[in-house]
Amino acid sequence: AEDGIRDFCLSRGLGDVYKRQEYMGDDFFEKHSQKFRVLNIISGIIVIAVGVLGFLSVTWDVILQVALPAYFVLFGLMILSAEFSNPFIRKYFSFLNSLVGRGFFNIYLATLTTTGNDLSGIKFIIFVNGVVLFITGVVYILMYCCSKKARTQAKEALKKEAIKALLEDN
């Protein structure tokens, strides 16, 4: 038999053997999640700083020069708020509650900060922060894909949100 038990009645099948195996990603997730949280907090602060510096260098004749720094400040605050479990962010920006959501958001911010900025004095810092955001985004997505625990947590969070939404509607 597949699981080493010769008696048909005692065999639980191949699926049970796979269920007992540990995922390699769970161990990585436990060891490194705090490090990526700190990197995300630092990146959020830098995104806010880029936004503030963008406001300081604005020439008011171009609307994009006003909107982009405002987005940087807003998105940086969203990253920080998500890392500190802000209830507003949890409710209205729930994609930041999951590793996949944070991953894709970080990748989006990486492209936005590295391509949409012309602050010549701090280009290197902006570029490095963009790289850090991109790498943490990819790692968040990989952590989700490789970690059974992360996927289970995401499913449980979705269930809780659905139940809460149903209760609020009634």
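How are H6 and H7 oriented to each other: roughly parallel or roughly perpendicular? They are roughly perpendicular to each other; point 2 has the details.

1. **Basis and overall make-up.** This is a predicted model, in which local features need pLDDT of at least 70, side-chain atom pairs count only at pLDDT 80 or more, and totals for chains, interfaces and linings use all residues. Residues are numbered from 1 along each chain as its sequence is written, and side-chain values use heavy atoms, with hydrogens and water left out. The chain has 7 helices and 0 strands. Its pattern along the sequence is α-α-α-α-α-α-α. Helices (H or I, at least four residues) and strands (E, at least two) are DSSP runs, numbered from the N terminus. Of the 170 residues, 33% count as buried. Buried means under 20% relative accessible area, exposed over 50%, partly exposed in between (1.4 Å probe, protein chains only). Take contacts in the chain between residues at least 6 apart in sequence: 65% of them join residues at least 24 apart. Contact means heavy atoms within 4.5 Å.

2. **H6 against H7.** Two packed helices are described by the angle between their axes and the distance between the axes. Helix H6 spans residues 123–146 and helix H7 residues 148–169; they pack at an angle of about 90 degrees, with axes 5 Å apart. Axes are lines fitted to C-alpha atoms, for helices over the stretch in contact, and angles run from 0 to 180 degrees between N-to-C directions. H6 and H7 are therefore roughly perpendicular (the class runs from 65 to 115 degrees; under 35 is roughly parallel, over 145 roughly antiparallel, the rest oblique). H6 contributes Met143, Tyr144, Cys145 and Cys146 to the contact, and H7 contributes Lys148, Ala150, Arg151 and Ala154. By class, these residues are 6 nonpolar, no polar and 2 charged. Ala, Val, Leu, Ile, Met, Phe, Trp, Tyr, Cys and Pro count as nonpolar, Asp, Glu, Lys and Arg as charged, and the others, Gly among them, as polar.

3. **Ala154.** This residue of H7 is buried, at 17% relative accessible area. Ala154 and Ser98 are 56 residues apart along the chain, yet their C-alpha atoms are separated by 6.1 Å.

4. **Aromatic pairs.** The structure holds 7 aromatic pairs. Rings of Phe, Tyr and Trp (its six-membered ring) pair if their centres lie within 6.5 Å; planes under 30 degrees apart count as stacked, over 60 as edge-to-face and the rest as tilted. Phe75 and Tyr108 form an edge-to-face pair, with ring centres 6.0 Å apart and planes at 70 degrees. Phe75 is in helix H3 (residues 64–83) and Tyr108 in helix H5 (residues 99–115), so the pair ties together parts 33 residues apart in sequence. Phe93 and Phe95 are also edge-to-face, with centres 6.5 Å apart and planes at 85 degrees. Ring pairs link Tyr71, Phe75, Phe88, Tyr92, Phe93, Phe95, Phe105 and Tyr108 into a cluster.

5. Phe75 is buried, at 11% relative accessibility. Tyr108 is partly exposed at 41%. Phe93 is partly exposed at 26%, and so is Phe95 at 35%. Beyond four places in sequence, Phe75 is in contact with Phe105, Tyr108, Leu109 and Leu112. Phe75 and Ile48 are 27 residues apart in sequence and 7.6 Å apart, C-alpha to C-alpha.

6. **Asn40.** Asn40 sits in helix H2 (residues 24–56). It is buried, at 2% relative accessibility. Setting aside residues up to four places away in sequence, Asn40 touches Ile79, Glu83, Arg102, Asn106, Leu133, Thr136 and Tyr140.

7. **Gly103.** Gly103 lies in helix H5 and is buried, with 0% relative accessible area. Gly137, Tyr140 and Ile141 touch Gly103, not counting residues up to four places away in sequence.

8. **Two local details.** Ser85 has a positive phi of about 55 degrees, although it is not a glycine. Ser85 is in the loop between H3 and helix H4 (87–92) and is partly exposed, at 41% relative accessibility. Arg37 lies over the face of Phe84, at 5.2 Å from the ring centre (a charge sits over a ring if NZ of Lys or CZ of Arg is within 6 Å of the ring centre and within 35 degrees of the ring normal).
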